[in-house]
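Please look over the structure below. The report after it covers a core, a helix and a surface patch.

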Amino acid sequence: MFISRPIQLLKLAGVLSLNLTEKWIPTRSIQSYSTSALLNLKPLNSRISDCMRNGFTEEAQMLFDEMPQRNTVTYNAMIRGYFQNGHFGEGVSLFDEMPERDIFSYNTMIAGLMKFGDINGASEIFQKMPFRDVVSWNSMISGYVSNGLIGEALRVFSGMVLKDVVSWNLVIAGLVGVGKVDLAEEFFREMGTRDIASWTTMISGVASAGRIVEARGLFEDMPVRDVRAWNTMIAGYIENGCIEIGEVLFQKMPQRDFRSWNEMINGLVRNQRIQDAMRLFVEMPQKCRRSWNSIVFGLIRNGLIKEAHAFLEKSPFSDTVSWTNLIVGYFETGEVDTAVSIFELMPARDATAWNVIIWGLGENDHGEEGLKFFVKMKEGGPFPDEATFTSVLTICSDLPTLHLGRQIHAQVTKTGFNYFVAVSNAMVTLYARCGNSNSALLLFSSMTSHDVISWNSVICGLAHNGNGVEAIEMFEKMRSTDIKPNHITFVGVLSACSHAGLVDQGKYYFDFMKYKCCLEPTIEHCTCIVDLLGRFGLIDEAMSFLRQMEANGVEVPASVWGAVLGACRIHKNIQVGEIAGERILEIEPHNSGVYIILAEMYLSSGKREDAERVWVRMREKGVKKQPACSWMEVNGSGHVFLSGDSSHPQFSRVCGVLFLLHMEMEIGILKSNAASFQEMQVLNDECSELV
């Protein structure tokens, strides 16, 4: 619940102007009063809905608390408003407190739970409903579609006794959304009654499948066309690279709305016709910032960051979105200082602007600065949302300490954002990257629904921490779901096979990825296979794999040759190691690690002259060894150590402890040698007696 402020403040602000009686009637006793004794709750309920619709959640809560009487509509307005404003926990709690519920209460809960990804909770509500209407069924279908479970949506649809046009449209839109256009067409043909949305959805689906001629045929067959149908057809032409035909259709439109103009402007921008886009913007009867932002975004997307910046400085249409897009552009080109300067100079900042600055700093290896902005956002900015917490948790996963990540986890749970799949995914990644596989698995199992990122986070995390067998088992569980693996999934799987020594399984999954999942192997996959083969001594097979890559026209990068060199180092294969080392140095001539590994391999095989030759070459190239770095966490604080650096405040104490450990190891070795000598002496004496 929210902390109430004095009701006089609300009256002064014009949010609430009600004369409430001094003696309030408790909610639980409302039923004992006659109808004439009850307040007219309609104005109060409408005011709650208005507050929620405009984001004034605290004011709506205040009004709700002050009401002497409440009815089902009151509760429904509050619950719906909570879901609209992202307060999932409060919505669920209030539903549980309702003295009576109507069908709208249940439908609101289903829609809200689905919105926050709680599919099991929505299904449970649906099953417990005393009666259902078509909206109940449609809410379930819509929820399954929005959560990517089209199979479940079809199951619910097939169980409906009475279907309306919305039911059909939801299923068709869901099928189009997952690329099953042919099946969507079958449902479209089976429809008894179609509305404009039915036709428009099919036109969009067929056009997105590249069948633009058929899409135009559907457009011509429509009994009635509205502006949305025209916009969809134009968008289809633009999407399929027929911008000129789209322009002709745009000129023929009987009427245009904002989307018509915006679609054409976006299309021209995507085709790098920026001047034409600006000309069309000038022609717009009612210019809007959104269209202008589209042009600016087009400039940024085409790498014209400075030009976009110059336009914004002169334009009267620049707003928070414009400047936020510009910040993104500067971050993507690595100009961090400029991005931060623009953010600091923005006259107004919304949650998206704050999220962008935090995300951009994290992506550009300035995570600690990003966390400082997060603190500033909490102190004087808008309330953090799911995107904020996702970015902050991602930054925390790259830090040497888990202490801050745990604090953010607590905040996420407190605010209810852990119900967002993206936030939960970030938490799983956080614990997995920091080596806490048990916590990662616990979080994963507590999630109400999973997407491909959820599975990737836990599979890659287990593989990263050396739990190869568990990672493979998790992948097999993933295969039993409707979620399809992607490239990242197989990086985790192949890495797991490498850690676990599962050579045959690694080869199987590589072929499975190529031929069953139709995913083209990337450099990361090839590196994993080479590492898998090389790690277990199959260096000739690894080299054969690389020759096949080159035969297929793929340039083998330094990372793959690095895997070969690492394998040669383990198995003392100097001949192939020399080849791998030289290939890396052709690509990365200043890679100090390669020189050191080659020299080490020569020394271990007694070839000191060759090792000295490598050192001389290293000096001639001006290559210097990068200092080793390690870090550890003590009492929630991270400590970083660099090789040769004595600046740590506890340096002398660390050296003292290391000296004691070294002495203890030497004493242990001496004791072990003495014990071994005594055992050998006893054995010799026994042998002498036998002789």
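## The nonpolar core

The model is predicted. Its largest nonpolar core holds 194 residues. Ile48, Ile295, Leu326, Ile459, Leu546 and Val564 have the most contacts inside this core. Helix H34, residues 558-571, gives the most to the core, with eight residues.

Leu546 touches several residues beyond its neighbours within four places in sequence. These contacts are Val530, Val556, Val560, Trp561 and Val564. In soluble globular proteins, nonpolar side chains tend to be buried together.

## Helix H26

Helix H26 covers residues 421-433, 13 residues in all. From first C-alpha to last, H26 reaches 18 Å. That is close to the 18 Å expected at 1.5 Å a residue. Just after H26, Gly435 takes a positive phi of about 85°.

H26 is largely enclosed by the rest of the structure, because ten of its 13 residues are buried. The buried residues are Val423, Ser424, Asn425, Ala426, Met427, Val428, Thr429, Leu430, Tyr431 and Ala432. They pack against four helices: H24 (386-396), H25 (403-415), H27 (437-446) and H28 (452-464).

## A surface patch

Val654, Val657, Leu658 and Leu661 form a nonpolar patch on the surface. Together they have about 320 Å² of accessible area.

Leu661 lies in helix H38, residues 651-690. Is Leu661 buried or partly exposed? Leu661 is partly exposed, because its relative accessible area is 43% and buried means under 20%.

Technical notes: Residues numbered from 1 in each chain as written. Predicted model: local features only at pLDDT ≥ 70, side-chain atom pairs only at ≥ 80, totals over all residues. Heavy atoms only, no water. Patch = residues over 30% accessible without salt bridge, like charges linked within 9 Å, V, L, I, M, F, W, Y side chains within 5 Å. Areas by Shrake-Rupley, 256 points an atom, 1.4 Å probe, with all protein chains shown as cover. Salt bridge = Lys/Arg side-chain N within 4 Å of Asp/Glu carboxyl O. Helix = DSSP H or I, 4+ residues; strand = E, 2+ residues; numbered from the N terminus. Buried < 20%, exposed > 50% of the residue type's maximum accessible area, 1.4 Å probe, protein only. Core = buried A, V, L, I, M, F, W, Y, C linked by side-chain atoms within 4.5 Å. Contact = heavy atoms within 4.5 Å. Expected span 1.5 Å × (residues − 1).
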